[in-house]
Amino acid sequence: MSLRTLALVSGVYDLLLGLPMLLAAPLVARFFGAPEPVPVVNAWLNGVFALALAGGYFWAARDAEARRGYLWAAGVFAKGLGAVVFVLDHFLNGSPPAFLLFAATDGALAALTLALLRRRAA
């Protein structure tokens with residue numbers, strides 16, 4: 001897989017996460033077995049954050065080699081740390097098991113991004 005393809009996949013992933021959180025946060029929470037967000041603005045801000053990441057990925061995809069820094073920040077750091085936070089929240093605070101799906105997808109995207117970035121650097 002190329003860095004460009006990975007950036008596009010990650011952008012679509014974040015777009016598909018961000019839009020529902022911004023437009024239908026209570027419904028999304030119920031779907032994943034979580035309580036409705038209170039205040040809902042926290043979920044909306046998470047949606048804005050995900051959409052910002054998506055926009056960055058689409059921008060990076062236009063010249064992935066020149067925009068590797070964004071892929072390190074968003075693809076390795078943000079997604080990797082996000083995966084860790086989801087796992088910790090599940091075991092420390094009892095968040096719904098469905099949240100582990102986000103840990104798995106974020107973690108897989110982070111690991112793949114790291115592998116592709118390191119492969120290109122070598």
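Modeller: Before we look at any residue, note that buried means a relative accessible area under 20%, exposed means over 50%, and partly exposed covers what lies in between, with a 1.4 Å probe and protein chains only. This is a predicted model, in which local features need pLDDT of at least 70 and side-chain atom pairs count only at pLDDT 80 or more, while totals for chains, interfaces and linings use all residues. Residues are numbered from 1 along each chain as its sequence is written, and side-chain values use heavy atoms, with hydrogens and water left out.

Biologist: Then let me start with the aromatic rings: how many aromatic pairs does the count come to?

Modeller: The general idea is that a pair of aromatic rings is described by the distance of the centres and the angle of the planes. Rings of Phe, Tyr and Trp (for Trp, its six-membered ring) pair if their centres lie within 6.5 Å, and the planes count as stacked when under 30 degrees apart, as edge-to-face when over 60, and as tilted for the rest. By this rule there are seven aromatic pairs. In one of them, Phe-31 and Phe-32, the ring centres are 5.0 Å apart and the planes stand at 90 degrees, so this pair is edge-to-face.

Biologist: Is Phe-32 buried or exposed, and is Phe-31 buried or exposed?

Modeller: Phe-32 is buried, at 18% relative accessibility, whereas Phe-31 has a relative accessible area of 68% and is exposed.

Biologist: How is the pair of Phe-99 and Phe-102 arranged?

Modeller: Phe-99 and Phe-102 are also an edge-to-face pair, with 6.3 Å from centre to centre and 70 degrees between the planes. To place them, I need the rule for elements: helices (H or I, at least four residues) and strands (E, at least two) are DSSP runs, numbered from the N terminus. Phe-99 and Phe-102 are three residues apart in helix α5 (residues 99–121), and are therefore separated by about one helical turn. Phe-99 is buried, with a relative accessible area of 18%, and Phe-102 counts as buried at 14%. Through ring pairs, Phe-31, Phe-32, Phe-86, Phe-99 and Phe-102 are linked into a cluster.

Biologist: Turning to helix packing, at what angle do the axes of α1 and α3 cross?

Modeller: An axis here is a line fitted to C-alpha atoms, for helices over the stretch in contact, and the angle runs from 0 to 180 degrees between N-to-C directions. The axes of α1 and α3 cross at roughly 160 degrees and come within 7 Å. Angles under 35 degrees count as roughly parallel, over 145 as roughly antiparallel, 65 to 115 as roughly perpendicular, and the rest as oblique. The helices α1 and α3 are therefore roughly antiparallel to each other. Their crossing is left-handed, a term used if the near helix is turned anticlockwise from the far one by less than a right angle, with right-handed used if clockwise.

Biologist: Which residues make the contact of α1 and α3?

Modeller: Contact means heavy atoms within 4.5 Å. The residues that make it include Ala-7, Gly-11, Asp-14 and Leu-15 of α1, and Ala-50, Leu-53, Ala-54 and Tyr-57 of α3. For their classes, Ala, Val, Leu, Ile, Met, Phe, Trp, Tyr, Cys and Pro count as nonpolar, Asp, Glu, Lys and Arg as charged, and the others, Gly among them, as polar. The contact of α1 with α3 has 17 nonpolar, five polar and two charged residues.

Biologist: What is in contact with Asp-14?

Modeller: Asp-14 is found in helix α1 and is buried, with a relative accessible area of 3%. Apart from its neighbours within four places in sequence, Asp-14 is in contact with Ala-50, Leu-53, Ala-54, Tyr-57 and Lys-79.

Biologist: How do helix α3 and helix α4 pack?

Modeller: Helix α3 (residues 40–61) packs with helix α4 (residues 68–93) at an angle of about 140 degrees, the axes being 10 Å apart. That makes α3 oblique to α4, and the crossing is left-handed. Among the residues that meet are Gly-56 and Tyr-57 in α3, and Leu-71 and Gly-75 in α4. By class, the contact of α3 with α4 has eight nonpolar, two polar and one charged.

Biologist: Where is Thr-113, and what is in contact with it?

Modeller: Thr-113 lies in helix α5 and counts as buried at 2% relative accessibility. Leaving aside neighbours within four places in sequence, Thr-113 is in contact with Leu-6, Leu-71, Gly-75 and Val-76. The C-alpha atoms of Thr-113 and Leu-3 are separated by 7.6 Å, although these residues are 110 residues apart along the chain.
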